[in-house]
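Subject: Structure for you to look at

Hello,

Here is the structure I said I would pass on. Please open it first and then read my notes below.

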Amino acid sequence: MPKHYRPAGKKKEGNAAKYITRSQALKQLQVNTKLFRKLCIYKGVFPREPKKKFKGNHQTYYHLKDVSFIRHDPILEDLRAKSAYRKKIIKAKAKRNKELADILKNRQPEIKLDRLVQERYPHFIDALRDLDDPLTLVHLFAALPASDRLKIEVKRVHNCRKLSHEWQAYISRTHKLRKVFISVKGVYYQAEVEGQKITWLTPHGMQQVLPDDDVVYDVLLSFLEFYETLLAFVNFKLYHSINVKYPPILDPQLEASAAELYALARYFDANSRPSEKVEATQEEESDLRLAQLQHQLPSNEPGALMQLVKDAADENEEDEDTKECKNLFKNMRFFLSREVPRESMLFVIPAFGGTVSWEGEGAPFSETDQSITHQIVDRPTQGHVYLSREYVQPQWVYDCVNTRIILPTDAYMVGRVPPPHLSPFVDNEEEGYVPDYAETIKRLKSAAKNEILPMPGMGKEDLDDPQNLLAEGYISRAEAIEAAERKQKMMTLEKQYHDELKMELDGFKYSSSVSDATKQKSGEDMETGEEPLPDVQQISTEDMSKLLMSRKKRGLYEAMKKGQERKKAHVDLLKQRKKKIEAAEKFKKN
Amino acid sequence: MGKIAKGSRKGKKAWRANISTEDIEDFFEQSNKDALSGGSLSQLPNDSLFYVDNSKDLSVKRKIEKHREKVLRCDSVLQKNPFVQALPSAKPKQKKKSKKENKDVVKEKDETRDGQKNDGASASGMVDIWANEGEGDNPKKVPKPSVIPAVEVEASGCSYNPTFESHQESLAQAVAEEMQKVYRKELGPEPVPITVPGEVINDEDVTRVELNKRERHKELHRKEAEAKKREELSKQIDSLPNIIEEITKEDEEKQKRHIRRVVAMQERLKVRPPRLGKHKHTNWQFCFRFEPAPTQVLLSEEITGSLRKLKGCCTLVKDRFKSLEKRGLIVPVKGKRLDELSTLLLLFLSLVVAILLIRVTVDYLKQRL
């Protein structure tokens with residue numbers, strides 16, 4: 001059999017024209033695998049899955065256009081120059097010329113990824129949409145130890161810390177935090193910026209393991225480089241939007257005592273100036289500035305300045321959510337004990353309008369301050385107890401934040417096991433199953449809002465059901481009877497319509513006798529003078545759409561339905577389990 | 001003029017021909033000339049011959065960079081003549097800066113920036129890159145690599161203080177994952193055995209008779225098969241409507257199967273990455289599937305309700321890496337870790353070497369003492 005050759009001059013068709021394998025790409029770009037990986041990460045190129053893998057299942061395929069995209073980018077030249085420069089260093093070292101090697105190392109050319117960020121995210125909102133992964137990675141590296149072997153530099157880690165604190169300070173100051181969830185992995189936060197919901201994960205304050213074999217660190221570090229640049233630009237834009245200079249210059253004393261968030265908050269206060277300056281306070285403002293520049297904390301903030309700043313903040317347009325969050329911990333002063341996760345608290349509490357202090361240098365107020373309303377402790381027992389304040393566990397703060405009301409603190413007192421920490425990311429109504437504590441919270445919420453609620457144990461039953469309302473004594477017996485009658489009529493009418501429509505669908509002739517009969521029936525029922533039948537053309541939407549669907553769509557629709565049924569079965573199973581547990585408990589009691 | 005071919009090679013006259021005295025003669029000539037012209041150049045002091053030119057010098061262009069002005073000859077001729085002026089509307093095209101000029105400018109900029117020694121994010125150089133928005137390009141849609149979100153929030157049961165039911169659920173899931181691994185290992189395919197019991201076939205004892213017999217058998221079989229085929233064909237032509245029915249049924253089946261496969265593929269993409277290369281995931285070790293990071297859930301006895309005593313997860317780096325892999329942004333790489341067999345071998349060899357060394361040292365010491 002002769003070999004199949006393509007006639008000369010004819011172009012490739014189909015999948016072969018659109019995709020190329022990684023080895024082909026490397027040959028086109030004249031680059032090695034490591035560099036290619038880096039480029040893909042910087043440019044946002046990812047491998048595809050063509051319908052037909054024409055070179056085999058063991059090859060990685062990329063879009064031809066993506067590869068040409070990389071080829072025409074100036075960063076390719078920059079990276080090549082960088083590797084050529086590295087060869088110089090190696091050469092100098094090999095020739096035992098240490099001075100030259102050191103000089104060369106210090107003058108290494110840096111590659112700026114600014115243009116790439118702008119290319120990939122032409123609009124700010126695009127950057128916000130994709131901000132989850134960068135935030136999580138930056139927060140993770142901020143908590144990692146530097147390692148020479150894995151090429152994690154100290155400078156990088158510090159930069160990540162700085163960026164993460166700046167972001168947290170912004171979210172805190174503009175009250176954009178919405179949800180917090182503490183899991184085993186770490187703390188999940190969700191904030192809402194310009195309509196985008198951004199979720200990220202922060203590790204707990206413990207030493208992270210750097211696994212040797214499962215992770216390729218070069219890849220992670222390339223991602224980190226790109227994400228650092230992106231986050232820096234996002235921070236810049238956000239800070240400018242609230243008229244604060246970026247990058248912020250912080251008080252080194254506070255930085256040293258690991259209270260960067262507090263330092264940033266002070267920076268905000270000092271720097272977010274309103275457009276009109278009152279002359280009387282100018283002197284004080286400049287004093288404040290001077291004091292900061294001389295690395296000294298101003299002990300008392302002039303009251304006028306604080307007022308000005310508050311006014312400025314109020315001028316900004318805030319939506320309802322932000323206002324609600326801002327006033328949650330209003331007028332509450334918190335004090336953190338030593339064993340409480342400080343950074344997380346310093347982030348969350350000011351984000352909801354509270355003031356917070358801790359033990360240590362540079363803190364705004366000490367433990368003995370009389371105005372403290374809550375003290376956060378996590379010990380089994382508390383020695384000396386001030387009567388003017390409440391002692392709570394840290395979970396209280398998080399639960400309040402998630403439910404947006406001030407929960408009663410007795411369940412969270414020192415020494416007790418607090419109630420379960422529910423996840424705000426789970427929509428209980430959707431799942432169909434609501435845990436007990438959530439019910440309690442709901443009741444408290446509505447109590448705060450003065451609504452009528454059915455008694456616990458009723459779940460989501462129909463409030464319209466007159467029997468229920470009667471049972472609760474909300475309405476009188478006569479009203480109940482009337483309501484029941486009305487309900488029955490509605491049900492019979494509904495049934496009627498359904499029957500008629502069915503007949504239509506089945507193609508029966510709508511003979512006059514039949515219509516008369518139905519009219520009579522409906523006449524009897526409509527004594528109370530309700531509206532007559534609606535349009536006969538209003539066929540039940542479900543049946544209609546079923547008819548009109550193509551075979552394909554029907555299959556998908558049925559698959560969807562199966563999924564829903566499965567969910568239902570799951571919820572029923574949970575309810576059964578709960579019943580069994582309760583029954584078992586009762587049995588134990590008896 | 002060389003020596004005449006084979007004369008005598010002995011004697012002074014013969015070897016004088018091979019000595020050149022050019023340099024001595026040159027020297028004499030030169031010194032003569034110097035004496036006549038007033039002193040040799042090498043004996044003069046440097047200052048009288050050279051001077052340092054501190055006037056503004058033109059930059060030394062390398063040969064490669066020297067090139068003529070990129071102007072058409074006709075234009076250059078017109079430019080030289082002051083009486084011929086261009087019409088105000090007819091301006092010559094702004095020639096694009098040549099690549100090399102661009103490079104020079106860029107190099108200068110880089111140098112000044114490096115010279116500043118900026119620490120961390122370039123404090124002075126930060127610009128709002130989204131400053132001029134509202135420009136076109138709005139509908140450009142960037143394809144997302146995967147439907148899986150970048151940060152997946154865990155279920156309620158993974159909370160540090162979960163409700164009983166949700167905790168049981170998450171525990172069940174973690175247990176199921178572990179059991180799947182165990183079962184897959186146990187119920188995996190058996191290794192191929194080295195020896196298979198059976199009879200040994202001797203090929204040499206086959207005779208011509210046998211071979212002929214086999215051929216005749218083969219022919220018979222072939223003829224029968226052909227006859228059967230022809231019969232089948234005639235039968236099929238008779239039962240055409242049945243066949244059409246069958247075909248329609250098959251088509252329906254195929255449609256359903258197609259839908260099922262499409263849905264199954266979408267479901268799969270929500271959980272694991274597509275197959276992007278030789279390996280299914282980085283660093284496999286007798287595990288040939290992609291496994292996402294395990295569900296991090298506390299054991300029942302570890303739920304203390306206290307944040308301080310929480311035994312948190314310390315493998316977040318691995319988790320992030322796996323998440324990137326799961327979304328298909330990273331192509332899995334070959335495993336670096338040694339598999340069990342080779343580690344055992346390595347250990348064994350090192351043991352042997354150690355024993356030998358000990359023996360040698362013991363003998364040596366015995367000898368000494």
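**Salt bridges and a helix pair**

B:Glu226 and B:Arg230 are four residues apart in helix 7 of chain B, so about one helical turn separates them. (Helices, H or I of at least four residues, and strands, E of at least two, are DSSP runs numbered from the N terminus.) This is a predicted model, in which local features need pLDDT of at least 70 and side-chain atom pairs pLDDT 80 or more, while totals for chains, interfaces and linings use all residues. Residues are numbered from 1 along each chain as its sequence is written, chains are lettered from A and ligands numbered from 1 in the order written, and side-chain values use heavy atoms, leaving out hydrogens and water.

The side chains of B:Glu226 and B:Arg230 form a salt bridge at 3.9 Å, N to O (a side-chain nitrogen of Lys or Arg within 4 Å of a carboxyl oxygen of Asp or Glu). B:Glu226 is partly exposed at 43% relative accessibility, and B:Arg230 is exposed at 57% (buried is under 20% relative accessible area, exposed over 50%, partly exposed in between, with a 1.4 Å probe and protein chains only).

Over all chains there are 39 salt bridges. One joins B:Arg320 and A:Asp133 at 2.5 Å, N to O. That pair crosses between chains, from helix 9 (residues 316-326) of chain B to helix 9 (residues 132-142) of chain A. B:Arg320 and A:Asp133 are both buried.

Another salt bridge links A:Arg379 and A:Glu339 at 3.3 Å, N to O. Each lies in a loop of chain A, so the pair ties together parts 40 residues apart in sequence.

Regards
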